[in-house]
Amino acid sequence: MSVSEATAASTGEGAAAHRAKRVLVTGLSTYWGGRLAEALESRPEIEAIIGVDSSEPTRELERTEFVKVGNQHAVIEKIVRAAELDTVVDTRLVVDSMTTAPRLAHENNVIGTMNILAGCTGADSPVRKLVFKSSAHYYGCEQDDPGFFTEEMRRPHQPRTAIERDVVEAEESMSEFVQRRPDVAVTVLRCTNVLGSDMRTSFTRMLALPLVPMILGFDPRCEFVHDDDVVQALEHAVFKHMPGTYNVAADGVLALSEVIGLLGKRPIPILPPWGTGAFAAPLRRLGFRIPDEMVNQLRFGRGLDNRKLKAAGFRYGYTSREAVLKLGEHLRLDPVIRGHEPAYTYEREVEEFLRWSPHVRRERREMDEPLGL
Amino acid sequence: MAAERTSLAGTSGTEPTEGGRSPAAPAERTRELLPAIEPERTITDWGRSERIEGLLDRTLVDFLFRYWFRCEVEGIENVPAEGGVLLVSNHSGALPPDAAVIAKAIREEHSGTRPLHITVEHFFKGYPGFSALIPKIGCVPAHPANVHRLLHDERQLVLVFPEGRKGTEKTYNHRYQLRRFGRGGFVEAAARAEAKIVPVCVVGAEEAMPVFAQLNFVKRLTGLLYFPITPTFPWLGPLGMFTYLPAKFRIRFLEPIDTASLTMEPAPDTAMVQTVAQEVRARIQENLDEMVASRESVWFG
């Protein structure tokens, strides 16, 4: 991935090309927030990385500063102004109703997005760039869907599930923001189902089962994206000037039966074709959890057209098939290594000592580099 | 890219008013950026499975084509060897055999090896069994965006039945009388994709599965697309849907029609689109009439 200079073609937007230097990562404690902050830390052109979240970070970060805030827009605005942050990356979106209670998810997805946008709306706000991680749930899964959604397409029907409604609402407030602040370059990344070794999504959980359930008589088209590619796409959006909406989905759309074959597992078509949702509810109680938004995906599948992001200079590291194979490797290895890696716990005092204590030799890194004498 | 993309959204009835517009790039670019084909895979991005299609082709379709329907193919040279081509055919039979035999005719007789993509109703995607099988054998849901991607970006061969359900619903006494050709959407799709239109006439399909009546109340009761009465359905149960009488088939590919003269930008020339649609329909009807008139026997041709 070449990130030289934001020389993207002018798109007729009011926002001018802008180089990100001081970045706010919202949702630092989510998987994506942590991964992105990690990636940004290794980039010397980024002067400051501030992360906010309501819970403590789950990754060990070196120079990212963590501020524990909920979604209070006044506080976010204060932080943005105080640190003169020019770029905001919003990675908080909850896209799996099994990981969060529905009320909390709504609070986070809709109200949270609104508040973060409110924190950047002021006329003299220093924010010049906003990157929003959205989801392919925006499009939904319906019978009369096109084979490949392009970014211009609206979903053909009203959203059916809570998560889909949230995503649509969050994107609506995002496009309102675009109208209100035409000088801010807003990039929306609609990510499809992510596969990765550290990720626990409903999809990876389902694919980890020895027999993978399918809906009888359906073999949906599935598209995935590797988690490294999502992090790189977020990074790409931070460094490049690319206002607009982009689909993030790896090359290749697989049939679910093909996915199961690649993992070396067997399908078991036990879900009934009619009343699947009603059948899924008692299964959930048994610990086999299919979220509402996944039911239609298991029935109709979904494909995204990823060419717009590629045209913006992004190159995917994995195809859908390779992402599935990677997951297969992980699933075989997981029982062997599970529990052997020490978990990281955030300790405020330790972090503050490492960052601010006069006794910590912080100059070492600068010393390694040749001095400009 | 912008031009095709926005026009594409136009055909699907939505308007592109997102935050950012894609940077303008030539059509070549959209093709370059298509996902590369992974040789290890046997299923395409559309869900087409070489294995299942091949299996069906070697067994059932081959038997029907060669021995049951004894298909005769004329004018196969009218199917261009490359570029996006839209085949437009008449349509009949409750579970239409015409698509399968046209695909087989191209596979058998055409000099190149061009896979044929058959557009089908969305209905099938929601129906268990069909939903899993139909994409495997080369069918794609008839969405304008799908047709555009196949014709313009992937430069494939696509078969459409503009009569749609009106064609397969019609009863035996209306055989070989073309229904309305939709709203000319297929001409628009071809013109936007700069694809040629090849009209196709199929004779024999109407007799292979004559529909004597449509029971609309049973259709509503069962939620099926339609509920026809044929010589074998519903008497033989679901199997009756797949039972064809051994009518003699004749397939004729007519000369390609160029759509380059049609103006699509900024807005489609509706009058011209309708004229071309009418012309395609008239040519198919004319040839059908001629083929039926010259046929001595329904069963022996």
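I started with strand 6 of chain B: eight of its eight residues are buried, so it is largely enclosed by the rest of the structure. For my own record, buried means 20 or more other C-beta atoms within 10 Å of the residue's own, exposed means 12 or fewer, and partly exposed is in between, with C-beta atoms placed from the backbone. Helices (H or I, at least four residues) and strands (E, at least two) are DSSP runs, numbered from the N terminus.

This is a predicted model, where local features need pLDDT of at least 70 and side-chain atom pairs count only at pLDDT 80 or more, while totals for chains, interfaces and linings use all residues. Residues are numbered from 1 along each chain as its sequence is written, and chains are lettered from A and ligands numbered from 1 in the order in which they are written.

**Chain B, strand 6 and its sheet**

Which way do the residues of strand 6 point? B:Lys196, B:Val198, B:Val200 and B:Val202 go one way, B:Ile197, B:Pro199, B:Cys201 and B:Val203 go the other, and all are buried.

I then checked the pairing (two strands pair if DSSP finds at least two bridges between them). Strand 6 of chain B runs parallel to strand 2 of chain B, joined by five bridges. B:Val85 sits opposite B:Lys196, and B:Ser89 has B:Val200 as its bridge partner. With strand 9 of chain B, strand 6 runs antiparallel over four bridges; there B:Val203 faces B:Arg250.

Zooming out, I read an open sheet of seven strands in chain B, order 1-9-6-2-5-3-4, with mixed pairing. Its edge strands are strand 1 (72-74) and strand 4 (139-141), each pairing on one side only.

**Chain B, helix 11**

What lies across this sheet? Axes here are lines fitted to C-alpha atoms, for helices over the stretch in contact, and angles run from 0 to 180 degrees between N-to-C directions. Contact means C-beta atoms, placed from the backbone, within 7 Å.

I noted the buried residues of helix 11: B:Val273, B:Val276, B:Ala277, B:Val280, B:Arg281, B:Ile284 and B:Leu288. An α-helix has 3.6 residues a turn, so residues three or four places apart point the same way. The cover over the buried residues of helix 11 includes strand 2 (85-89), helix 8 (185-192) and strand 6 (196-203) of chain B.

**Chain A**

Seven strands make an open sheet here, order 3-2-1-4-5-6-11, with parallel pairing. Strand 3 (65-68) and strand 11 (244-248) are at the edges with a single partner strand each, so one side of each has no neighbour in the sheet. The twist averages 20° from one strand to the next. Strand 1 (residues 22-26) and strand 4 (residues 87-90) of chain A pair parallel over four bridges, and A:Leu24 stands opposite A:Val88.

Next, a helix pair: helix 3 (residues 102-121) and helix 4 (residues 162-180) of chain A pack at about 5°, axes 9 Å apart. That makes helix 3 of chain A roughly parallel to helix 4 of chain A (angles under 35 degrees count as roughly parallel, over 145 as roughly antiparallel, 65 to 115 as roughly perpendicular and the rest as oblique).

A:Ala82 lies in helix 2 (residues 73-82) of chain A.

Definitions and conventions:
Two residues are in contact if their C-beta atoms, placed from the backbone, lie within 7 Å.
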